[in-house]
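Here's a quick walk through the fold you have on screen. Have the viewer open and click along as the residues come up.

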Amino acid sequence: LNSEYFWDFVRGYFDGDGCLTYDKRAGFREPRCSFSCGSKAFIKVLSKELHQRGIGNKISLIKNTYILKIGNKKWDTNAKFLSIIYKNLHNSKIIL
């Protein structure tokens, strides 16, 4: 994959197999971004590429599905991730 299109690819993958949830345990709504994947090899490569671009993440295995969680429960990492993948969509409607 050409690095010029990396974030476009990630945005498409997130739109298809990504998830944005909110954690209310902290007393306020805190967003969390994650991906699900059946391929360990693919999710490991994605994790490495995100780390190299400054997006911390963690992989876990839940019921034969690999879950890549963005950040370490910090809003700033998730906000950074979302702002990067959606930065070129100024005139588009995004519903979260």
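Leaving aside its neighbours within four places in sequence, which residues is Phe 35 in contact with? The list is Val 10, Tyr 13, Phe 14, Asp 17, Gly 18, Ile 43, Leu 46, Tyr 66, Ile 67, Leu 68, Ile 70 and Phe 81, where contact means heavy atoms within 4.5 Å.

## Ground rules

This is a predicted model, so local features need pLDDT of at least 70 and side-chain atom pairs count only at pLDDT 80 or more, while totals for chains, interfaces and linings use all residues. Residues are numbered from 1 along each chain as its sequence is written, and side-chain values use heavy atoms, with hydrogens and water left out.

## The overall layout

The protein has three helices and four strands, and along the sequence they run α-β-β-α-β-β-α. Helices (H or I, at least four residues) and strands (E, at least two) are DSSP runs, numbered from the N terminus.

Of the 96 residues, 34% are buried. Buried means under 20% relative accessible area, exposed means over 50%, and partly exposed is in between (1.4 Å probe, protein chains only). Take the contacts between residues at least 6 apart in sequence: 50% of them join residues at least 24 apart.

## What's in the core

The largest nonpolar core holds 20 residues, and the members touching the most others are Trp 7, Phe 35, Leu 46, Leu 50 and Phe 81. At least two core residues each come from α1 (6-17), β2 (30-37), α2 (40-52), β4 (65-70) and α3 (75-85). Helix α1 gives the largest share, five residues. For the record, a nonpolar core is a set of buried Ala, Val, Leu, Ile, Met, Phe, Trp, Tyr and Cys residues joined through side-chain atoms within 4.5 Å.

## How α1 and α2 meet

From α1, Phe 6, Trp 7, Phe 9, Val 10 and Tyr 13 meet Phe 42, Ile 43, Leu 46, Glu 49 and Leu 50 of α2. The two helix axes come within 12 Å and cross at roughly 130 degrees; axes here are lines fitted to C-alpha atoms, for helices over the stretch in contact, with angles from 0 to 180 degrees between N-to-C directions. That makes α1 and α2 oblique to each other, since angles under 35 degrees count as roughly parallel, over 145 as roughly antiparallel, 65 to 115 as roughly perpendicular and the rest as oblique.

Also on α1 is Gly 12, which counts as partly exposed because its relative accessibility is 43%.

## The β3-β4 hairpin

Strands β3 (residues 57-62) and β4 pair in the antiparallel sense over six bridges; pairing takes at least two DSSP bridges between two strands. They form a hairpin with two residues between them, and Lys 63 in the turn has a positive phi of about 50 degrees. Ile 62 stands opposite Thr 65 in β4.

Gly 71 lies in the loop between β4 and α3. Is Gly 71 buried or exposed? It counts as buried, because its relative accessibility is 14%. Leaving out residues up to four places away in sequence, Gly 71 touches Gly 56, Asn 57 and Thr 77. The C-alpha atoms of Gly 71 and Asn 57 are 4.9 Å apart.

His 51, in helix α2, touches Gly 56 and Asn 57 on that count of sequence neighbours left out up to four places away. With a relative accessible area of 44%, His 51 is partly exposed.
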